[in-house]
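This briefing concerns a predicted model. Please consult the sequence and the structure shown below while reading the points that follow.

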Amino acid sequence: MSDVITKAVAALQSKLDGGFDGSVKFNIEDEGAIMVDSAGVRAGDEDAECTMSADAETFEAILDGDLNPTSAFMTGKLTVDGDMGQAMKLGAVLS
């Protein structure tokens, strides 16, 4: 598992403080994927209600609070496939 994935899993776990009502997958270009669901946060590439994709720099900026997830989406730095409601719910937690 890459350092980016390992750090992202830890950062997401601290922000979510438990599970998430739904399922979202983050695809981080050239690094791997992270699952967020009712079981918590983990490295994994499973089916999810929503898949968000970005490069590592964008993803790290979102986690650090330097980039708003909605702004990232609107500028094309973050793509969303599937249930947009799940993406918005998770984005609110990360903001």
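A residue is termed buried when its relative accessible area is under 20%, exposed when it is over 50%, and partly exposed in between. Arg42, with a relative accessibility of 25%, therefore counts as partly exposed. The points below begin with the sheet as a whole and then return to this residue.

- Five strands form an open sheet in the order 3-2-1-4-5, and their pairing is mixed.

**Strand 1 and its partners**

- Strand 1 (residues 24-28) runs antiparallel to strand 2, and five bridges join the two.
- Within this pairing, Lys25 stands opposite Met35 of strand 2.
- The hairpin of strand 1 and strand 2 has three residues between the strands, and Asp30 in this hairpin takes a positive phi near 65°.
- Strand 1 also pairs with strand 4 (residues 50-54), here in the parallel sense and over five bridges.
- Asn27 has Ser53 in strand 4 as its bridge partner.

**Strand 2 and strand 3**

- Strand 2 (residues 32-37) pairs with strand 3 (residues 40-43) in the antiparallel sense, over four bridges.
- A hairpin of two residues joins strand 2 to strand 3.
- Strand 2 is largely enclosed by the rest of the structure, because five of its six residues are buried.
- Met35 has Arg42 as its bridge partner in strand 3, while Lys25 stands opposite Met35 as well.

**The surroundings of Arg42**

- Which residues are in contact with Arg42, leaving aside its neighbours within four places in sequence? They are Val9, Ala33, Ile34, Met35 and Asp37.
- The side chains of Arg42 and Asp37 are joined by a polar contact of 2.8 Å.
- Val9 lies 33 residues from Arg42 along the chain, yet their C-alpha atoms are separated by 5.9 Å.

Key. Residues numbered from 1 in each chain as written. Predicted model: local features only at pLDDT ≥ 70, side-chain atom pairs only at ≥ 80, totals over all residues. Heavy atoms only, no water. Pairing = 2+ DSSP bridges. Buried < 20%, exposed > 50% of the residue type's maximum accessible area, 1.4 Å probe, protein only. Contact = heavy atoms within 4.5 Å. Polar contact = N/O pair within 3.5 Å; in protein donor to acceptor, adjacent residues only side chain to side chain.
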